[in-house]
Amino acid sequence: MDAVSPIELGFSGLVKRFGATRAIDGVDLEIARGSFVALVGASGSGKSTLLKTVNRLIVPDEGAVLFAGEDVRTLPAPALRRRIGYVFQSVGLFPHMTVAENIAIGPRLARQPIGAARVAELLALVELEAGHARRMPDELSGGQRQRVGVARALAGDPRLLLMDEPFGALDPVTRDALGRKVRELHGRLGLTTLMVTHDMTEALLLAERVLVMASGRIVADETPHSLLAGAGGAEAQALVAVPRDQADAIAELEK
């Protein structure tokens with residue numbers, strides 16, 4: 001696989017053990033450049049562990065992770081992470097820094113600082129006013145903090161966006177709005193996005209490809225349409241059944 005391959009991200013024979021448990025159990029997977037992929041599964045299925053092998057927050061015991069044709073183990077971790085945007089549920093903004101300083105932290109550490117105009121541009125991308133740059137994180141709502149987290153992830157102009165339960169702590173209205181915004185930015189900025197979520201509804205609505213994990217393995221790899229048509233096997237259909245049953249219950253209430 002070379003640098004001009006249409007495959008942006010690849011996992012080959014990946015294994016990660018924690019004691020006697022195989023959190024990742026022989027994953028082989030390719031993700032095309034420009035695609036939006038959701039990784040779903042029950043708690044403990046291995047989905048967050050798999051995601052974190054990409055930016056080397058977790059090092060696998062066997063196999064390889066290829067990013068744009070390069071084995072991530074051969075790249076210095078700081079250089080690798082500058083090419084990857086990472087958004088996670090707890091947001092992780094530095095409380096003693098302003099919003100602008102939080103957004104600009106990655107480029108500053110990379111000795112490629114960005115100015116106020118770029119911060120304002122990033123805030124606009126996530127639909128926050130430029131005045132938010134001067135605020136402290138504790139002055140923001142949960143949704144605003146997560147928008148800042150997305151802006152921070154985009155500050156280094158990444159080609160790959162990793163998202164680990166990014167909307168899980170948000171209220172339903174904010175969660176839906178921010179999910180739609182991220183999906184729009186994915187297309188506008190030409191990103192490849194891999195999103196971990198436990199919410200099958202979110203996966204079906206945002207992704208073009210849904211991967212289901214169970215016991216460290218990929219047990220289904222389907223489009224949302226095929227999942228809704230019954231494909232993917234028992235584990236996948238158990239997850240699809242939740243939003244389907246909820247929709248049926250709401251329909252009954254409307255009668």
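Let's start with one glutamate: leaving aside residues up to four places away in sequence, Glu-202 touches Phe-167, Arg-175, Met-195, Thr-197 and Ala-207. Keep in mind that this is a predicted model. You'll find Glu-202 in helix H7, which covers residues 200–206. Is Glu-202 buried or exposed? Its relative accessibility is 8%, and because the cut-off for buried is under 20%, Glu-202 counts as buried. One of its neighbours gets a polar contact too: the side chains of Glu-202 and Thr-197 meet this way at 2.8 Å.

Now for a residue in another helix. Val-173 sits in helix H6. With 66% relative accessibility, Val-173 counts as exposed, since exposed means over 50%.

Next, let's see how some helices pack. Two packed helices are described by the angle between their axes and the distance between those axes. Here are two pairs, side by side:

| Helix pair | Angle between axes | Distance between axes |
|---|---|---|
| H5 (residues 142–154) and H6 (residues 172–189) | about 15 degrees | 11 Å |
| H3 (residues 99–109) and H5 | roughly 35 degrees | within 7 Å |

Take H5 and H6, whose axes make an angle of about 15 degrees. That angle makes H5 roughly parallel to H6, because angles under 35 degrees count that way. The crossing of H5 past H6 is right-handed. Which residues in H5 meet H6? They are Gly-143, Gln-146, Arg-147, Val-150 and Leu-154, and on the H6 side they meet Thr-174, Ala-177, Leu-178, Lys-181, Val-182, Leu-185 and Leu-189. Sort the residues of this H5 and H6 contact by type and you get 7 nonpolar, 3 polar and 2 charged.

H3 passes H5 in a right-handed crossing. From H3, the residues involved are Val-99, Asn-102, Ile-103 and Ile-105, while H5 brings Val-148, Ala-151 and Arg-152.

Key:
Residues numbered from 1 in each chain as written. Predicted model: local features only at pLDDT ≥ 70, side-chain atom pairs only at ≥ 80, totals over all residues. Heavy atoms only, no water. Axes fitted to C-alpha atoms, helices over the stretch in contact; angles between N-to-C directions. Helix = DSSP H or I, 4+ residues; strand = E, 2+ residues; numbered from the N terminus. Parallel < 35°, antiparallel > 145°, perpendicular 65-115°, else oblique. Left-handed = near helix turned anticlockwise from the far one by under 90°. Contact = heavy atoms within 4.5 Å. Nonpolar A, V, L, I, M, F, W, Y, C, P; charged D, E, K, R; others polar. Buried < 20%, exposed > 50% of the residue type's maximum accessible area, 1.4 Å probe, protein only. Polar contact = N/O pair within 3.5 Å; in protein donor to acceptor, adjacent residues only side chain to side chain.
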